[in-house]
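Please read these notes with the model open beside you.

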Amino acid sequence: MGRAKIAVVNSGLSVANLVITNLLQFVYRTVLIHVLGVQYAGISGLCASVIQIFALSELGISWAVTYYLYKPLKEQNHRQVAEIIYFLRKLYRYVGLFILLGGLCVLPFLDTFIKGSEEISHLRIIFLLFLINTASSYLFFSYYQILASADRKNYIFFAPQTWGNIVLVCAQICVIYFLHSYVAAIALTTISTITVNYIIRRKVIRLYPALKEYPDAKLQKGLKKEIVRYIKATMLYKLSLTVMTSSTSIFISSFIGIVILGIYSNYMIVVDTIRSFILCLINPMTAVVGEITIGSSVAEKETVYKRLNFLMSWICFFCSISLYCLLTPFITLWLGSALTLPHSTVILICIYFYVEFIISFSTKFRDACGLNAIGKFRPLITAILNIIIALLLVHKYGINGIISALLISRLVTLTWFEPWIIHRYVLKKSVWRYYLSLIGNALFTCAIAIGMNMMINVLWKSDITSFVFATLICLIVPNVIFILFMWRTEEFKYYLDKVKSIF
């Protein structure tokens with residue numbers, strides 16, 4: 001099977017898993033909110049955000065190990081593959097212990113992060129269960145997944161992850177509905193995490209018998225130093241994203257309240273579903289790009305970058321417009337108008353979504369090319385800037401100030417920098433033409449989004465029929481408009497030829 005076909009298979013199975021999982025998650029969240037209250041939707045997001053701060057110790061490890069696995073996998077150097085994986089296992093165990101100890105230190109002060117914590121029963125037990133689940137993922141077997149991902153065999157995850165999610169969510173729904181126990185529902189998550197990781201471990205070991213052949217393989221000192229150096233550089237990139245994500249939930253909970261966080265988290269469930277869908281499409285491409293960058297010419301790299309970046313721009317254009325037009329109508333139908341956010345907040349959420357993803361493939365391309373050491377302190381500046389701006393704006397602008405801080409800090413430090421790295425060090429050319437196209441695409445997207453939203457508002461009758469009709473319009477109109485404007489480009493012709501070859 002060729003590289004392109006493997007990427008398509010991996011992406012397709014990831015999307016299928018995503019659709020099944022998120023449909024069940026929406027049912028679960030609906031039951032949770034109606035049975036226990038919206039504050040429990042908020043507490044899950046807060047616990048995850050607080051624990052994520054201690055998971056910063058992992059940042060960069062998986063990226064670095066994936067990058068250094070490309071070469072030995074391509075050369076079939078089985079011993080070195082085993083050496084890297086067992087080194088990863090050791091690092092992940094340290095990460096799991098650090099998360100566990102860090103979370104236990106925060107446990108006595110948990111009330112500090114929650115405005116309205118008196119509405120939550122068994123708060124510390126809930127946090128402890130979230131903590132155990134996150135730590136157990138690093139302590140037990142999750143490192144085997146990185147090997148299969150680097151070798152573009154993500155398809156082996158589909159069955160255990162999909163069935164694991166189905167069984168877990170169905171069990172959680174039953175526990176919430178019949179026992180009214182959020183504690184029991186979260187406890188089931190840890191059991192599921194360990195079980196699924198163990199099943200994947202068995203599959204990986206069968207695919208890579210060298211892991212058993214070299215059980216005591218130790219990484220050479222020179223390679224270990226390289227990987228550690230790469231981890232340090234990568235850590236700062238992921239540090240920014242994690243701090244920004246975590247601080248948003250913590251700020252909303254601390255300054256505005258756990259109920260508002262619950263409402264905001266409902267919106268983010270929808271946004272994260274779309275985000276996960278996009279990542280399902282582009283994550284398998286990273287391993288493909290990693291292979292291509294080994295020994296390829298600058299022209300070949302530029303061709304791959306343009307084609308995949310064009311595809312990412314199309315996806316981002318379509319998803320951002322659809323999100324802006326359908327987000328509030330969906331929440332209204334799902335949970336009721338009482339659990340909706342102001343239109344200004346929705347606009348900021350959608351703008352941030354667009355800004356985050358319009359350059360996301362540049363970030364993936366940089367990862368695959370091993371360029372994380374360049375500008376390594378910039379993401380740290382992003383995280384600090386985000387916290388400072390949020391603190392300055394939250395008292396006057398509330399949740400809009402917090403989201404604006406995310407947007408401003410990213411635009412100032414990362415949005416322009418990621419493409420510059422690729423053009424300067426990989427493509428060896430000026431980035432200014434790309435910047436102009438980036439600005440043009442953003443203005444084009446805004447114009448179409450405003451027009452589409454006006455059309456949807458005329459049709460919207462707060463019922464399922466009008467929502468289905470609005471969804472069909474969002475599926476058809478943005479894509480038709482994009483094709484009409486882009487059909488002459490080389491990248492569009494390339495994908496059109498690919499589609500024709502299938503049929």
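The points below concern a predicted model.

1. Start with the length of helix H12, residues 298-335. At 1.5 Å a residue, its 38 residues should span 56 Å, and the C-alpha atoms at its ends lie 51 Å apart, which agrees.

2. Helix H12 is not straight throughout: at Leu 326 it bends by about 45 degrees, and Pro 329 follows within four residues. After the helix comes Gly 336, which has a positive phi, near 105 degrees.

3. Is H12 mostly covered or mostly open? It is mostly covered, with 27 of its 38 residues buried.

4. The model has 24 aromatic pairs. In one of them, Phe 310 and Phe 482 are tilted, with 5.7 Å from centre to centre and 55 degrees between the planes. This pair links distant parts of the chain, since Phe 310 belongs to helix H12 and Phe 482 to helix H19 (residues 464-486), 172 residues apart. Phe 310 and Phe 482 are both buried.

5. Compare the pair Trp 460 and Phe 467. The ring centres are 6.5 Å apart and the planes stand at 75 degrees, so this pair is edge-to-face. Phe 467 has 16% relative accessibility and therefore counts as buried; the cut-off is under 20%.

6. Phe 310 and Phe 482 also belong to one aromatic cluster, whose members include Trp 314, Phe 444 and Tyr 494. The charged end of Arg 307 sits over the ring of Tyr 494, 3.8 Å from the ring centre.

7. Arg 424 also has its charged end over a ring, that of Tyr 425, at 5.1 Å from the centre.

Notes: Residues are numbered from 1 along each chain as its sequence is written. This is a predicted model: local features need pLDDT of at least 70, side-chain atom pairs count only at pLDDT 80 or more; totals for chains, interfaces and linings use all residues. Side-chain values use heavy atoms; hydrogens and water are left out. Helices (H or I, at least four residues) and strands (E, at least two) are DSSP runs, numbered from the N terminus. The expected span of a helix is 1.5 Å times one less than its number of residues. The bend at a residue is the angle between axes fitted to the seven residues ending there and the seven starting there. Buried means under 20% relative accessible area, exposed over 50%, partly exposed in between (1.4 Å probe, protein chains only). Rings of Phe, Tyr and Trp (its six-membered ring) pair if their centres lie within 6.5 Å; planes under 30 degrees apart count as stacked, over 60 as edge-to-face and the rest as tilted. A charge sits over a ring if NZ of Lys or CZ of Arg is within 6 Å of the ring centre and within 35 degrees of the ring normal.
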